[in-house]
Amino acid sequence: SPTRAFLFGYPHLMPKMQGNSLRSMLQKARQKMSSGDSRILVGVDLNGVDGSDSSAAREVLIPALSEIDVLHLNEDEALVLSSPSGSNSANNGGIDTNDVSPDMLSQIASFHQQGCAVVLLSLGSKGAFVSVTPDSERLKQLSSKASGSPSIAISQWMPGTQVRVPAFQIEHGEVNANGAGDALFSGFCLAASSWGCEMERQLCKSDEWKVTPHAAGTFASLVAWQRCDAKTRDGDGMRSAAELMALISQGNLPDVLEE
């Protein structure tokens, strides 16, 4: 099967893989793993962001943002990385930004301005927030050069889209949230990759249903939902990725944990 994505985590815990070194590594990974006219998705997951020195924390990440297609972080990490001057260009008109403060939206806008294509913000029990860059040219960079080559779902997304997706209630078994963030991130990147486009073709013969930012976020939330269920995380009744995506296309979703 084709390589669809390169996911890298915790650069703040790796002194030799930060700033320009991080950017260079991600760039080389994309070049090496891309095949012919196909494109891979590059995702970065944050952890270990030191809140005692915001300036140093920003220097780890900011130079590499132009090479990051999906950046995953939580609210605390986003606040640490906030620029002192901030950004006032956050566009939140007409979108569901419940539980996402204006300052957080401003910081997300700053990530986009510095080259990041998509920001996936974890909101814990309230789900996640997905923000797509308003820069259409940045999204076009992820398009396949030749017809017939696998496309990355992100390349087809509407610039500037911002949506919040919910977390889902655990149906049975105890709750074990260990690894929920990793599950959310990996699930989102899978849906946002060329696999998402393949699911569109398999699940819908027309143009009526697409793997939109909301669908990708919902898929990620479902992956985390299964991971947090102490029963399904061990394989008992766990649905496959294709089965989870089918639930979304059919609108057959579990009950929402918290609006």
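Modeller: One cut-off comes first: a residue is buried when its relative accessible area is under 20%, exposed when over 50%, and partly exposed in between. The model is a predicted one.

Colleague: Is A29 buried or exposed?

Modeller: A29 sits in helix α1. Its relative accessible area is 11%, and the limit for burial is under 20%. A29 is therefore buried.

Colleague: Which residues does A29 touch, not counting residues up to four places away in sequence?

Modeller: A29 and L7 are 22 residues apart in sequence, with 9.9 Å between their C-alpha atoms. A contact requires heavy atoms within 4.5 Å. With residues up to four places away in sequence not counted, the residues that A29 touches are F6 and I40.

Colleague: Where does G19 lie, and what is its relative accessible area?

Modeller: G19 belongs to the loop between β1 (5-9) and α1 (20-33). This glycine is buried. The relative accessible area of G19 is 7%.

Colleague: How far apart are the C-alpha atoms of G19 and V60?

Modeller: Residues up to four places away in sequence aside, G19 touches E59, V60, P63 and A64. Along the chain, G19 and V60 are 41 residues apart. Their C-alpha atoms are separated by 4.5 Å.

Colleague: Which residue has a positive phi although it is not a glycine, and what is the angle?

Modeller: The residue is in the loop between β1 and α1. With a relative accessible area of 26%, Y10 is partly exposed. The residue is Y10, and its phi is about 65°.

Colleague: At what angle do the axes of α6 and α7 cross?

Modeller: Two packed helices are described by the angle between their axes and the distance between the axes. Here α6 covers residues 180-192 and α7 covers residues 194-203, and the axes come within 4 Å. The crossing angle is roughly 60°. That makes α6 oblique to α7.

Colleague: How do the residues of the contact of α6 with α7 divide into nonpolar, polar and charged?

Modeller: On the α6 side the contact has L190, A191 and A192, and these meet S194, W195 and G196 of α7. Gly is counted as polar in this scheme. The contact divides into four nonpolar, two polar and no charged residues.

Colleague: Which helices do the buried residues of α7 pack against?

Modeller: The buried residues of α7 are S194, W195, G196, C197, M199 and E200. Their packing partners are α6, α8 (213-228) and α9 (241-250).

Colleague: Which residues does S221 touch, not counting residues up to four places away in sequence?

Modeller: S221 is part of helix α8. At a relative accessible area of 5%, S221 is buried. Not counting residues up to four places away in sequence, S221 touches P166, A167, F168 and L184.

Colleague: Which residues is Q226 in contact with, leaving aside its neighbours within four places in sequence?

Modeller: Q226 is placed in helix α8. Its relative accessibility is 5%, so Q226 counts as buried. Leaving aside neighbours within four places in sequence, Q226 is in contact with T232, R233, G237, M238, R239 and L244.

Colleague: Which residues is A224 in contact with, neighbours within four places in sequence left aside?

Modeller: A224 is located in helix α8 and is buried, with a relative accessible area of 10%. A224 and F185 are 39 residues apart in sequence and 8.8 Å apart in space, C-alpha to C-alpha. With neighbours within four places in sequence left aside, A224 is in contact with A180, A183 and L184.

Colleague: Which elements give two or more residues to the lining of the largest pocket?

Modeller: The largest pocket holds about 540 Å³ of space. Its lining has 28 residues, and those nearest the centre are G124, A180, G181, A224 and C228. The elements that give two or more residues to this lining are β3 (70-74), α6 and α8.

Colleague: How many residues of that lining are charged?

Modeller: The lining of the largest pocket includes 16 nonpolar and nine polar residues. The charged residues number three.

Colleague: For the protein chain, what share of contacts with a separation of 6 or more comes from residues 24 or more positions apart?

Modeller: The chain has nine helices and six strands. Of its 259 residues, 48% count as buried. Among contacts with a separation of 6 or more, the share from residues 24 or more positions apart is 76%.

Terms used: Residues are numbered from 1 along each chain as its sequence is written. This is a predicted model: local features need pLDDT of at least 70, side-chain atom pairs count only at pLDDT 80 or more; totals for chains, interfaces and linings use all residues. Side-chain values use heavy atoms; hydrogens and water are left out. Axes are lines fitted to C-alpha atoms, for helices over the stretch in contact, and angles run from 0 to 180 degrees between N-to-C directions. Angles under 35 degrees count as roughly parallel, over 145 as roughly antiparallel, 65 to 115 as roughly perpendicular and the rest as oblique. Buried means under 20% relative accessible area, exposed over 50%, partly exposed in between (1.4 Å probe, protein chains only). On a 1 Å grid over the protein atoms alone, a cavity is a set of points where a 1.4 Å probe fits but cannot get out, and a pocket is an open set with protein on both sides within 12 Å along at least five of seven lines; lining residues have an atom within 4 Å of a point. Grid points are joined across faces, edges and corners, and a volume is the space filled by probe spheres set on the points.
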